[in-house]
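Thank you all for coming; I would like to walk you slowly through one protein chain today. Please have a look at the sequence and the structure first, and then we will go through them together.

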Amino acid sequence: MNEINHKTVFVLDHTPYFGISCESPIDCDFIKSKLPIPPISKSLWTCAVEASVEYCRIAYDLFPAGKLIRFVVSDSAAHIVNTWNVSTQNLSHVMNAMVMVGVPPQQTQATEYSVIHGLRAAIEALAEPTDLQREQLAAHAKSEGSKMVNRGRVICITSARDNGSMSNLADIFQTVLEQQNAIAAGHKEYIRIDQCHLVIINLYPANMESMVTNRPPVDISPILRSEIHSNKANKISNKLTHLILLHFDLASTTVTGIPMKEEQNASSSANYDVEIFHGRTAHSVFLGTELVLPHSVKPGVDYETVTLKWCTPRSCGSSEMQPCLAQCRVTPVDVTSRPSSCLINFLLGGRSVLLEMPKKSGGKITSHLLSAHGGEIFIHSLNTARSCLEDPPSISEGGGGRVTDYRIPDFGQLMTAHRLVPLKPLPGREPDEGLQKMRTKLRRNSRYWPLTFSRTVLYNVRQFVEPVLVLTQKPELSEEEKVVCIKSIYNLSQLEERQETLALPNMGHRLKGSKKEEQYRLLWWELETIVSSSGSSPAHKAIVSCIRECRRPSADDGHTGGGGGGTGATDGGGAAGTDSHRASVIRATTDSPMSPPHSMSTDTTAPLTGSAAGGLSVGGRESTSGAGAAGNSALAILGARGSKKLFNTGARSLFDTLATTERTISQKRIDFSGRLCTPTGQIAKLYPHFGTKDSDAGQGRGAATAAAVAAAAATVDAK
């Protein structure tokens with residue numbers, strides 16, 4: 001037993017100071033007597049004993065074995081109340097010993113009284129092995145290289161003046177702990193203390209203020225951890241109740257709405273609440289997102305409790321047993337109250353109670369069950385999801401909701417390929433060698449694994465690349481297998497060249513832009529991702545290189561569909577295409593229907609367009625329009641078929657090149673004449689002959705009159 005809560009030692013201060021009143025009066029009343037009775041008050045000693053015994057009761061109820069608690073009373077010397085022997089680990093033995101010790105005497109000479117005696121005895125008690133630890137020591141002695149770890153906790157209830165006194169107490173404890181470990185090194189009856197947790201509780205009357213402040217857990221040394229709590233005497237029970245939840249990993253549940261008959265009026269009933277403690281796994285075992293544990297903090301305490309509602313009780317028959325996720329023993333917090341007693345007797349009578357909790361989506365769900373087995377009461381955490389004993393659910397009823405296109409066959413193949421079998425250990429084989437290899441293989445093969453068919457393109461058309469998906473899962477590929485994979489990739493590239501549409505389900509928002517182009521883009525991306533993550537052998541690298549060569553360049557890769565490559569551009573074609581695209585965007589947003597035609601030709605495209613079978617005249621004006629422009633574009637492409645630059649821009653078909661060149665030529669316009677006639681650096685005039693309008697008009701009228709007279713004379717002569 002290596003848990004730190006396996007051994008707990010209570011050190012109770014029995015000095016004369018603990019004989020004073022806690023100054024928390026309790027009113028008493030006799031039913032048959034009318035005489036007033038003065039209130040009574042407990043001593044500090046009584047408060048400390050009651051709280052520590054209640055701590056012990058909760059631990060014994062929830063852990064019948066394995067959790068041992070000892071008591072040490074310290075005054076002028078240390079008095080051992082019980083030992084690690086199981087026969088002394090019960091409340092009867094502890095209470096009888098406390099009765100014999102009695103309340104501290106009221107004496108003035110208190111120089112011999114100190115709590116340090118008890119702390120020394122507590123450290124010696126932690127160094128003594130328990131029966132379970134003796135068995136572990138015997139087992140470790142037979143096996144080499146193993147070591148038992150001895151841990152324990154000391155809870156000291158005392159009183160001090162200020163923080164300095166508490167610090168001195170912790171320093172003395174650390175010194176004694178180191179001395180005890182030195183003694184245990186050469187003593188067979190003692191074992192070394194590897195870790196100790198010191199909890200000091202400062203107790204003082206309710207009408208006083210203490211100079212000692214609380215201190216959270218602090219590591220004083222590698223083997224000692226200490227914390228300080230300062231509490232009034234009448235509140236120490238709540239403090240130890242809170243600490244036991246932390247020390248033993250417990251949780252609190254409050255059962256609400258318990259119908260009980262009134263003690264004085266049996267014909268009426270009222271609802272009561274009962275708080276119980278149990279293991280924390282009863283709450284933490286739930287993993288669903290639909291369950292909401294209703295946490296709340298009760299007044300007067302520092303911990304949270306989960307509130308569950310009482311349901312109609314039923315008998316606990318074998319036919320009504322429900323599958324559960326965890327079960328923990330329970331114990332009531334207030335064992336002397338009437339509601340707690342009624343609930344315990346009700347459950348011990350063979351009845352079981354279901355408890356409800358709310359859901360996020362509304363409504364309630366039965367989450368826990370209280371039932372007794374063999375005279376002990378357990379809380380069962382019920383399985384709120386579908387039971388494994390029922391029929392298998394359809395995929396639409398699972399965690400995916402309405403998702404019905406899970407890759408179930410592929411997942412079955414993945415499980416089959418990574419199945420584990422027992423392997424006999426061999427002297428020359430490292431432990432878990434096969435397990436580590438399988439983890440590496442599973443991590444590599446599941447790095448990219450879409451869950452549904454609607455989230456992937458590749459696995460919907462796997463008939464085209466089935467050899468690639470199957471063979472690349474191997475760590476090494478032969479030359480024949482590599483050729484088969486490359487051949488499948490070339491076949492897929494031919495499908496893209498023929499512009500064949502892939503039969504795919506609705507991909508939703510994954511496809512953007514042209515659906516056909518986006519399908520192939522995702523297909524190539526998935527194929528490259530899977531092959532590159534499957535292995536790093538030379539064959540895998542060759543297949544990845546083949547995929548990248550056949551993969552059609554897209555806008556995301558820095559390539560454009562038209563422009564320089566499709567028109568036989570030189571090395572500066574990319575920049576020219578970008579400038580042309582930017583200029584076309586500007587004109588599309590600024591030109592009006594009456595704007596003059598523009599010329600889109602640049603230095604890089606002019607040689608081709610000027611020599612493409614006479615598509616443009618010498619003056620730069622278009623010789624044809626409409627169908628003639630389409631014919632010119634086709635002739636320009638056919639004239640450039642011998643250029644390798646035209647078709648080496650990527651895996652482009654002839655149709656794409658024709659369409660791109662036709663679109664580029666159709667956008668060519670003649671530039672503004674003022675820009676062509678004006679020298680560089682000067683501003684062109686929109687109306688250059690605007691100043692000579694009047695003189696030209698007078699000369700025009702005279703010339704027209706002379707022409708009319710000459711025409712009339714010629715007519716007369718003809719007649």
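Predicted model: local features only at pLDDT ≥ 70, side-chain atom pairs only at ≥ 80, totals over all residues.

Let me begin with strand β5, which is mostly covered, since 9 of its 10 residues are buried. Buried here means under 20% relative accessible area, while exposed means over 50% and partly exposed lies in between, with a 1.4 Å probe and protein chains only. Strands (E, at least two residues) and helices (H or I, at least four) are DSSP runs, numbered from the N terminus.

Residues are numbered from 1 along each chain as its sequence is written, and side-chain values use heavy atoms, with hydrogens and water left out.

As for the whole protein, its secondary structure comes to 21 helices and 17 strands, and buried residues make up 37% of its 719 residues. If we take contacts, meaning heavy atoms within 4.5 Å, between residues at least 6 apart in sequence, then 70% of them join residues at least 24 apart.

Where does β5 stand in its sheet? The sheet is an open one of 7 strands in the order β3-β2-β1-β4-β5-β7-β6, with mixed pairing, and two strands pair if DSSP finds at least two bridges between them. Strands β3 (78-80) and β6 (215-221) stand at the edges with a single partner strand each, so one side of each is left without a neighbour in the sheet. On average, neighbouring strands of this sheet are turned by 20° against each other, direction ignored; the axes behind such angles are lines fitted to C-alpha atoms, for helices over the stretch in contact, and angles run from 0 to 180 degrees between N-to-C directions.

Strands β4 and β5 run parallel and are joined by 8 bridges, and here V154 stands opposite L198 in β5. On β1, the pairing with β4 (residues 151-158) is also in the parallel sense, over 5 bridges, and V11 stands opposite C156 in β4. Helix α1 lies across β1, β2 (68-74), β4 and β5 (195-204), and runs at about 165° to β2.

That brings me to the aromatic rings. Rings of Phe, Tyr and Trp (its six-membered ring) pair if their centres lie within 6.5 Å, and planes under 30 degrees apart count as stacked, over 60 as edge-to-face and the rest as tilted. By this rule the count comes to 9 aromatic pairs. In one of them, the ring centres of F10 and Y55 are 5.1 Å apart and the planes stand at 80°, so the pair is edge-to-face. Because F10 lies in strand β1 (residues 7-13) and Y55 in helix α1 (residues 44-62), this pair ties together parts that are 45 residues apart in sequence. F10 is buried at 0% relative accessibility, and Y55 is buried at 2%. Together with F63, F71 and F248, F10 and Y55 form one aromatic cluster.

Some rings also carry a charge over them, which is counted if NZ of Lys or CZ of Arg is within 6 Å of the ring centre and within 35 degrees of the ring normal. R70 lies over the face of W84, at 5.1 Å from the ring centre, and the charged end of R407 sits over the ring of Y459, 3.7 Å from its centre.

Next, which residues of helix α8 are buried? In α8 (residues 338-348) they are P339, S340, L343 and L347. Seen down the axis of α8, these residues fall within an arc of 100°, taken from the directions from the helix axis to the C-beta atoms, so they line one face of the helix. As a general point, an α-helix has 3.6 residues a turn, so residues three or four places apart point the same way. Just after α8, G350 takes a positive phi of about 100°.

Finally, a positive phi is also found in residues other than glycine, including D249, where phi is near 55°. D249 is in the loop between α6 (236-247) and β8 (250-261), and is partly exposed, with a relative accessible area of 44%.
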